[in-house]
Amino acid sequence: VGFAGTAAEVDWQVAQLDREWQPLGAARSGLVADAESTAAWDRLSEFGCSDPASLVLKATVRSSRVTMFCKQVAALVPQATILSHAARGIVFIDCGDLNSADAAKLLIRDLRPLASAGDGQVVVWNCPAPDEFTRQAFWGPTRDDDAVLRAVKNQFDPKNLLNPGRFIF
């Protein structure tokens with residue numbers, strides 16, 4: 001959990017978090033600062049993408065559904081590492097070295113319906129074998145606004161120079 005503010009504000013936030021989490025069995029929290037906090041931030045901001053062999057998914061769901069979604073993902077993919085920004089409804093899931101066939105099943109059969117129930121979606125963020133995924137497995141089902149998005153992309157990038165092979169096929 002990241003906090004910002006004055007030293008007194010951060011101390012209060014950490015103490016409040018401890019009061020709320022300890023009855024749930026969480027260990028006492030600690031603070032990282034200076035060089036250690038920079039290293040921690042680098043690991044968080046590059047989450048899952050520093051290992052090219054890792055399958056990393058990005059889900060978006062309503063903020064109120066993030067905790068439940070993370071619990072359900074943890075049950076479905078016990079080896080996964082999960083990073084979420086609950087206020088924004090963003091969940092990154094590092095599935096490790098899950099093979100492409102199992103990953104496609106997980107995406108289409110399990111995770112997309114879970115995210116959809118929370119008014120969200122799941123896309124592939126990092127993939128060791130992108131050629132083994134169909135467009136639908138990679139990006140999800142075609143959306144109603146795909147034609148509009150394609151027209152905007154064509155207007156501003158008629159030579160398809162920006163992010164070729166990504167976003168809109």
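Arg 112 lies in helix H4; helices here are DSSP runs of H or I with at least four residues, strands are E runs of at least two, and both are numbered from the N terminus. The model is a predicted one, in which local features need pLDDT of at least 70 and side-chain atom pairs count only at pLDDT 80 or more, while totals for chains, interfaces and linings use all residues. Residues are numbered from 1 along each chain as its sequence is written, and side-chain values use heavy atoms, with hydrogens and water left out.

Arg 112 is buried yet has no salt bridge. Buried means under 20% relative accessible area, exposed over 50%, and partly exposed in between, with a 1.4 Å probe and protein chains only. A salt bridge needs a side-chain nitrogen of Lys or Arg within 4 Å of a carboxyl oxygen of Asp or Glu. For Arg 112, the nearest side chain of opposite charge is Asp 110, 11 Å away; Lys and Arg count as positive, Asp and Glu as negative, and His and the chain ends are not counted. Leaving aside neighbours within four places in sequence, the contacts of Arg 112 (heavy atoms within 4.5 Å) include Val 122, Val 123, Phe 138 and Trp 139.

Phe 69 touches Ile 93, Leu 111 and Val 122, among others, not counting residues up to four places away in sequence.

Strand S3 pairs with strand S2 (residues 81–85) in the antiparallel sense over 5 bridges; two strands pair if DSSP finds at least two bridges between them. The hairpin of S2 and S3 has 4 residues between the strands, and Gly 89 takes a positive phi near 75 degrees there. Thr 81 has Asp 94 as its bridge partner in S3. Asp 94 is buried, with a relative accessible area of 14%. The side chains of Asp 94 and Ser 54 are joined by a polar contact of 2.8 Å, a term for a pair of N or O atoms within 3.5 Å; within protein, one must be able to donate a hydrogen and the other to accept it, and residues adjacent in sequence count only if both atoms are side-chain atoms.

Asn 160 is in the segment after helix H6 (146–156). Asn 160 has a positive phi of about 55 degrees although it is not a glycine.
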